[in-house]
Amino acid sequence: MASMDSVKVAVRVRPFNQQEKNSGSRCVISMQSGTTTAIQDPKNPEHIKMFTFDLAYWSHSGFQRDNDGVLISTGSNSKFAGQKDVFRGLGQGVLDSAWQGYNATLLAYGQTGSGKSYSMIGYRADKGIIPNVCEELFKAIENKEKNQQYQVTFSMLEIYNEQVRDLLSKTKKPGGLKVREDQHQGFYVDDLTSVPCDSYAQIERLMEQGIKARTTAATSMNATSSRSHMVITIQFKQVFLDGDLTKQSIINLVDLAGSERQKSSASEGDRLREGSRVNLSLTTLGNVISALADVTMGKRVLHIPYRDSVLTRLLQSALGGNSKTIMIATISPADICYEETLSTLRYAERAKKIKNKAVINTSPTEKLIKELKAENNRLLSRLAGLGNSGRRVADKTSRYYQVKPQVSTIQITWEHQLQEARKEWEERYTAIMQERQMTKAFPYLFNVNEDPQLTGVLKHFIQAGSSDVGQAASNKIILQGLGISDKHATLTNMDGEVTVRPQNKCRVVVNGVPTVTKTKLQHLDRVILGSNSAYLYIGFPSERSSDDLARFDYDFFQSELAAAEGVSVDKLSAINNKDGKVDPSVLAVFQDYIKLIPLVAEANQMSEELMKGLKLELKVKNLASSDSKGYDLQKEVIVKVTNRETQEVWIWDKAKFINRKYLMEEIYQHFLDGEDFHVAQEDDPFWDPLEAIHLGSAHVWLQSLAYSMKLEEQAELLNSEGLEEAVVLINIIPCSRTGEAYGEDDVVIDPLELLGKRIDFQIQIIQCLGVKWLKEDARRGIQIGYKVYDLPITLYTKPVWKNVNAKIGETVHFVTLNASHDFLNYLQKNALIVDLWGLQEGCTELNCTQKDLITWEGNILVDNMKTLTPQEANQATSNQMAELYLKLLKLEQETELLRNINRALREENVLLKDSLKGCGPGQDHKLSSASRITAQAASQKDTPQMYTPRISNDADFAKALKVFYRSMNIVRGQFLKLRHNRPPEDNQMLRPFTLRQSHLLKDIGELLEASLWKLKNDVALIVKKKRESLAHTKYRGSSFP
Ligand SMILES: Nc1ncnc2c1ncn2[C@@H]1O[C@H](COP(=O)(O)OP(=O)(O)O)[C@@H](O)[C@H]1O
Ligand SMILES: [Mg+2]
């Protein structure tokens, strides 16, 4: 009776969501037939990967809503697959298996928001597979003959952070339910509520109840539903009363946690990366699936890690065991989800290989009776323990069982159980009907959750008079949730008006703005209580119309909060959206921002309650920073963490913060459960070793150097928001090889004159003035870092501690032996980025030894990369590469120097010989100048200007240019500041104006650069021509005196 089957796998692609539509996403999925799925790499469009599964459901386009609100196909041209199609393809198979007595499992796998819950449970009229399976099951039962009995029980659980929560139980067990193992049954959940059902309506209510429990947990326990797995189990027994045979099937319907991997690269850098168990079940599921796929491929597999997680224990028989198993892999169509989608498809491909061996579960009815009797005896003894009345019932019942024949025993017991369940169900039904009545009479708040499945599940009615709101049981409206106080606020419904008033200093936010006084609520106002409990206010029935409530989703709430903090897509992209199109990277940053707002609020609240004393702030990194060419830097979201007491500061990137947040939740959960929540410092997600913090950067334009002009700058070090952190006094000085500064007369008019020559220059970092970092806390220190052209590493100055006006006084001598085009270009177009780093007591200082780079001459060689371009050098990230590269560089430097010395010596040798030949007194001067010839100059003797005295007009001209270029540098700096200058408040009226202004500014900037460039070229050309004609007349003059 065993049947060997592969896991059946289906893929389903959903429509674009609002965010994808807004950002102009492209669809990268296509399905040519009912079984193939093709995915196109958005970065490499020719790159298309094909997958073949048992079924491919196209739910992306070609649909409309019918009168009942159900999504249906637009006609015969459309290949749209609606909920009914998916039920027919997958759910019907589950049902058939159940009727035959096989165990069946249906798993939904995919990233958060890809449509797992939509497919499994559904939304409103679009019922998913589970309701359809249940409805069809009862329909079929009704039509069956009556000499059989059908027993259906229903249970619903959630696995979060390796704990099992019974979603149908009224009481919460601390630590969750236990998973136990039984020789016959395999793994099962001990004490799980399993409700006998005899109608679909009953199951509908139970599901509603389960989702409500999930929502309450998500809001009060601060659990993110996307991280939890939901398992619905239907036990279906068919008792053949005349054949003394029982067939039974266990149907597991599993809505798995979101499959998205934490963008691992960054969280890998977190020392606490392995700490959280939140992902354990999903990771283990992946390992089990891989191992089973290997088994099918004939590989030797020693161990299948079922036991490693709660989920895989419960699914053991579904995977590689006694079950007919189906997986639906749900995917997003959008290009931005490419990586995740590809990973989902690969996962599904592996699952497809698993082979199961399902058997029909039959047993003689006698066995069932035995089991029932045992169960009854247990119940009876419990009844007997309930005092007189219980004992009476027990006596009666036990006598009853003794006289009745066996088959009826089954019927009676089952009927009895059903009745009990029905009683409870009726109570619940009344409550639900009451709630429905109240929605028609009163204004109310309804919850808005990050997971749309859990939105609108909780309703809080605002009855006439005033109602206190808070966690305490004495409140009229009891609200659980992070940061909600015992008495949090008061809602008043009076004279046809509803107002909200926060209790002393409790956080109440209405439409994105925190309120402290009594505030009137209007229909569809957004209310946030505590850290993050979001509610939509539904006004009096008379105020309501056929509103689209779905518009006010979780993201809407967070966008409103972000706008109040001055962060919006418009603001983030004020410079970029010239053609009205928003840069996708800006949209991505904004999405990150609004995703993190609630998480940061929660982390702050947890920190407060656990007395960790941290303040977390969400920031956009590089909001106003630009690279060495003045282009905007890629923006990203970061979290600044400050210890309120010690003023220590950390900067966490997004991945690290999210990782930490889940670890914090674990500790917080122990705290809530009254358990010991203390952890050692090295395991504490609220703690990290101290690091140097990047405070700000200054741009020091290098153009002067290209003209061999000295630059003395007082550069503003601006933080990522464009605000001044400090001022750095920095000089960039062209000099001789021994470090003597060049004077006015050494100014070069055309940078090309320097091509192929040796350039010596010094960077002097003198002082840092008015360092805010030190004003905040005088115990701190600073270091300054900068990277010159193609140097593989950043150079840091020595740390200076406890000084607001830190004297740095560092001079570094750089040299380029053979100035390349690229280097001269760099000097003319780039700025030296000078970074200010903040040190704090006990933190590791930045490595400031440069000895590996310093040549025997005591300088640092730049523009010496023969094989590596600066980009390639940047990419050579590993230390080993850098080390090797440094060695190579040194070797190269040394050979180059040796070669030059050799050349110079040879030339000097020739000169000496010449001078010896004509040994006259007039030659002395020539000799001394010859010995001064540097290695470089010797190789450049064909460049005449080094020897020709410059005409005095030329020097004036050069000086004038120098002044001009210097003022241009200032203009450039100010221009950059102006570009990042925005109005302090998001003013709707001003917005079109500022937008236009920033476009104009950008145009001006481009024009300015272009004219400057042209001017320089023209000047250079004129000078060149002039020199040529000069050389010409000279030559003629000398030939024909
Ligand atoms: N096939 C589909 N057709 C229409 N809407 C869908 C479909 N799949 C998902 N959605 C919508 O996308 C959103 C996210 O889907 P959901 O099932 O909650 O994702 P998940 O459970 O995978 O996190 C919901 O608003 C849902 O209505
Ligand atoms: Mg879901």
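# Strand pairs, sheets and a ligand shell

Me: Which residue takes a positive phi in the hairpin of S12 and S13?
Reply: Asn161 does, with phi near 55 degrees, in a hairpin that has 2 residues between the strands. The model is predicted: local features need pLDDT of at least 70, side-chain atom pairs count only at pLDDT 80 or more, and totals for chains, interfaces and linings use all residues. Residues are numbered from 1 along each chain as its sequence is written, chains are lettered from A and ligands numbered from 1 in the order in which they are written, and side-chain values use heavy atoms, leaving out hydrogens and water.

Me: Why are S12 and S13 called paired strands?
Reply: Strands are DSSP runs of E with at least two residues, and helices are runs of H or I with at least four, both numbered from the N terminus. Two strands pair if DSSP finds at least two bridges between them. S12 (residues 148-160) and S13 (residues 163-166) have 4 bridges in the antiparallel sense, so they count as a pair. Within this pair, Glu158 stands opposite Arg165 in S13.

Me: What makes S3 and S5 edge strands?
Reply: The open sheet of 3 strands runs S3-S4-S5 with antiparallel pairing. S3 (29-30) and S5 (48-52) each have a single partner strand, so one side of each is left without a neighbour in the sheet. S4 (residues 36-40) pairs with S5 over 5 bridges, where Thr37 has Phe51 as its bridge partner.

Me: Which helix packs on this sheet, and what angle does its direction make with that of S5?
Reply: Helix H9 (residues 338-352) touches S3, S4 and S5, at about 35 degrees to S5. Touching means contact, with heavy atoms within 4.5 Å. The angle lies between N-to-C directions and can run from 0 to 180 degrees; the axes are lines fitted to C-alpha atoms, for helices over the stretch in contact.

Me: Which strands stand at the edges of the open sheet of 6 strands?
Reply: The order is S23-S22-S32-S31-S28-S29, with antiparallel pairing. S23 (459-461) and S29 (513-515) pair on one side only, and these are the edges. From one strand to the next the twist averages 30 degrees. Helix H13 (residues 554-564) packs on S28, S31 and S32, its direction at about 80 degrees to that of S31.

Me: How many residues surround ligand 1?
Reply: There are 15, the closest being Gly113, Lys116, Ser117, Tyr118 and Tyr123. A residue qualifies if one of its heavy atoms lies within 4 Å. Helix H3 (residues 116-120) gives the most to this shell, with 3 residues.

Me: What makes the approach of Ser117 to ligand 1 a polar contact?
Reply: A polar contact is a pair of N or O atoms within 3.5 Å. A polar side-chain atom of Ser117 lies 2.8 Å from an oxygen atom of ligand 1, so the pair meets the cut-off. A polar backbone atom of Tyr118 is 2.7 Å from a ligand 1 oxygen.

Methods:
Polar contact = N/O pair within 3.5 Å; in protein donor to acceptor, adjacent residues only side chain to side chain.
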